Amino acid sequence: MNDAAARNFEYLAYGLIACWLILIGYVLTLVSRERRIRQQMESLQRMLEDKEGK
Amino acid sequence: MREKTLYALGAVAALILVRNIHTMLTGLPDEAFQGAIFRIIFFHVPAAFTCFLCFFASLIAGISYLKTKNLKWDSVAVSTIEVGLAFGAANLITGMIWARIIWGIWWTWDWRLTSMLICWLLYAGYLVLRNAIEEPTERARLSAVMSILSFSVVPFVFFSIKWFRTQHPQPVLYGEGKMDGGYRAMLYGNWVPILMIAICLVAVRMMQEKRQREIDAMRRAAHAF
């Protein structure tokens, strides 16, 4: 494989890696938001139960 | 049940993508002038299609919210815009990597590239606007207006290569453009799993938005005690 062809493949790999990284990055933001929502939901439910108990 | 179906759909889409990558690397010949880098089109163009489709869905959702005042449409708008931005970023970055090899530069301020960047920034501004407004109905109303206004740039981005002389190539999928049948089949074949992934992401994001609204309602209930 000559230099130009090798460079082509190298940049193609960068492109594919960039696509996967963006996808994984967005999925990770969804996961962290999901965790935050669950925590908020649990703490609010506890707070409401405490208030109802009083 | 619904969540499991979505995860299964996402997993199937990821498997199809992996199989497509294998096929495009081993089963398709290099493009005569561009060589191996041409294969980046199988991600660059489907990412753009998905991005524009998401933005179009957000336009419909924005109009529907203003008509019905149903917050479900606000969830659709924010979900599709977030996912559209992710695919828009993939389109811009793969385009830059492709340009570095073919044009020798990462970026040029031609009509297509500049309008796409402006479009992306406008929709990113939509998310900033949402975060700045606390009150849910006011946030939904202004966001709907912003999503409708932002969409006005999309046709300009799409047709800029027809209307102006640009460094970006002319369309190869419609008009006078031509593309080899094998390449065309791979391009559309790769769009299918990308679209499946986008649908999964939008659905998951919508479920989160629904739960966030429930939390807001619970907060109001807690304050009312």
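How many residues does the contact take from chain A and from chain B? The contact takes 24 residues from chain A and 29 residues from chain B, where two residues touch if their C-beta atoms, placed from the backbone, lie within 7 Å. On the chain A side there are 18 nonpolar, three polar and three charged residues. Here Ala, Val, Leu, Ile, Met, Phe, Trp, Tyr, Cys and Pro count as nonpolar, Asp, Glu, Lys and Arg as charged, and the others, Gly among them, as polar.

A bit of bookkeeping: this is a predicted model, so local features need pLDDT of at least 70 and side-chain atom pairs 80 or more, while totals for chains, interfaces and linings use all residues. Residues are numbered from 1 along each chain as its sequence is written, with chains lettered from A and ligands numbered from 1 in the order written.

Chain A has one helix and zero strands (DSSP runs: H or I of at least four residues, E of at least two, numbered from the N terminus). Its C-alpha atoms fill a box of roughly 80 × 10 × 5 Å along the principal axes.

Over in chain B, helix α4 (residues 111-132) and helix α5 (residues 136-151) pack at about 175°, axes 10 Å apart. Axes are lines fitted to C-alpha atoms over the stretch in contact, and angles run from 0 to 180 degrees between N-to-C directions. α4(B) and α5(B) are therefore roughly antiparallel (over 145 degrees). Their contact includes Leu122(B) and Tyr126(B) from α4(B) and Leu142(B) and Met146(B) from α5(B).

Technical notes. Parallel < 35°, antiparallel > 145°, perpendicular 65-115°, else oblique.
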